[in-house]
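Let's take a friendly walk through the pockets and cavities of this model, with a brief stop at a pair of helices.

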Amino acid sequence: MDKIDQRTSILKIFSLNIREILQKALTIDFNYLQEIRLRINAPLMIIYKNREIFITNQGDFSYTCKNAFIVNKKEIKETIEYISNYSLYAFEEDIKQGFITIEGGHRIGLAGKVIVEQGRVKNIKHISFINIRISHEIKGCANGVIHNIIDEDNLYHTMIISPPRCGKTTLLRDIIRQVSNGEHTLTPKTIGVVDERSEIGACYNGIPQNDLGIRTDVLDCCPKVEGMLMLIRSMSPQVIAVDELGSDVDIKAIEYVINSGCKLICTVHGQSIDDVKQKPLLDKLVANKIFERYIILSNKKTIGEITDIYNQKLEKIQ
């Protein structure tokens with residue numbers, strides 16, 4: 001989908017009033033548009049180039065909320081109707097997880113009154129908050145790291161570390177694509193992706209909206225631990241890729257993956273290696289030298305900036 005189609009595809013999910021305003025406002029470079037946020041009785045805003053910007057009634061940018069367009073209940077309701085094609089019930093399973101993925105791979109986060117039964121989320125009613133996260137696919141963004149995570153035909157166990165909004169999922173996605181297709185010196189490899197939050201492949205009706213390569217299988221919206229075990233049992237992957245590890249059960253699944261002979265590529269939240277080492281569960285992985293490469297990202301100069309790459313001994317190699 002080119003950028004013009006992407007813009008049209010996104011705009012059509014909004015209420016008519018907001019659509020008209022955003023048509024004037026979003027004549028920007030979509031590569032840097034990250035989020036569009038609607039909150040009931042609050043200003044319409046976007047996240048662009050990592051900066052919060054308010055949108056006025058005339059579709060102008062403002063760095064204060066003084067003249068911003070205020071989103072009301074009717075706008076939220078109408079937008080939800082367009083997102084769900086007037087059939088919110090059909091998305092009940094997705095809503096339990098707090099988001100819907102639309103064509104193009106864009107993720108619609110939802111919040112409101114949560115209905116809980118027997119300790120589990122059953123539904124979200126009175127949806128009053130919507131966050132549209134724009135899916136970005138940057139083919140080739142892994143070119144700067146790929147030679148550091150392979151040795152001839154061998155792929156290293158690799159952890160990508162960064163704070164939110166620094167491009168770690170985008171980088172992971174391109175590594176998956178390149179390894180799956182066998183670019184550079186690698187023999188093509190079969191990859192299993194556990195896409196718990198539907199952000200890596202951004203599947204819509206079961207079809208990845210992002211290019212993950214021709215030898216990649218995706219478990220969409222699947223819990224990471226169960227997904228990693230399922231893939232190993234059923235799809236014979238040579239590589240497992242997952243986003244945002246961190247819980248104790250994740251760690252046990254990692255050990256299972258490593259012991260099965262699969263290579264692992266994952267992301268975690270963190271500012272640096274030292275930050276990761278402050279987290280007891282992740283520190284165990286570092287101390288045991290489970291991962292052979294650590295890639296650190298930041299957004300100080302630009303989103304997805306590669307600041308450091310370390311080897312298994314935590315020696316800086318780039």
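Which element gives the most to the lining of the largest pocket? Helix H5 does, with 5 residues.

## Ground rules

This is a predicted model, in which local features need pLDDT of at least 70 and side-chain atom pairs count only at pLDDT 80 or more, while totals for chains, interfaces and linings use all residues. Residues are numbered from 1 along each chain as its sequence is written, and side-chain values use heavy atoms, with hydrogens and water left out.

## The largest pocket

A pocket here is an open set of points on a 1 Å grid over the protein atoms alone, with protein on both sides within 12 Å along at least five of seven lines; lining residues have an atom within 4 Å of a point. Volumes are the space filled by probe spheres set on the points, which are joined across faces, edges and corners.

The largest pocket has a volume of about 820 Å³. Its lining counts 33 residues, and the closest to its centre are His-136, Cys-166, Gly-167, Thr-170 and Ile-303. Strand S1 (33–39) and helix H5 (168–181) each supply at least two lining residues; helices (H or I, at least four residues) and strands (E, at least two) are DSSP runs, numbered from the N terminus. By class, the lining holds 11 nonpolar, 13 polar and 9 charged residues. Ala, Val, Leu, Ile, Met, Phe, Trp, Tyr, Cys and Pro count as nonpolar, Asp, Glu, Lys and Arg as charged, and the others, Gly among them, as polar.

Of its 19 lining residues, Ile-80, Leu-88, Lys-125, His-126 and Ile-127 are the closest to the centre. Helix H3 (73–83), helix H4 (92–96) and strand S9 (120–133) each supply at least two lining residues, and S9 gives the most, with 6. The lining divides into 9 nonpolar, 5 polar and 5 charged residues.

A cavity is a set of points where a 1.4 Å probe fits but cannot get out. Among the residues lining the cavity are Glu-137, Lys-139, Thr-170 and Arg-173. By class, the cavity lining has 1 nonpolar, 1 polar and 6 charged residues.
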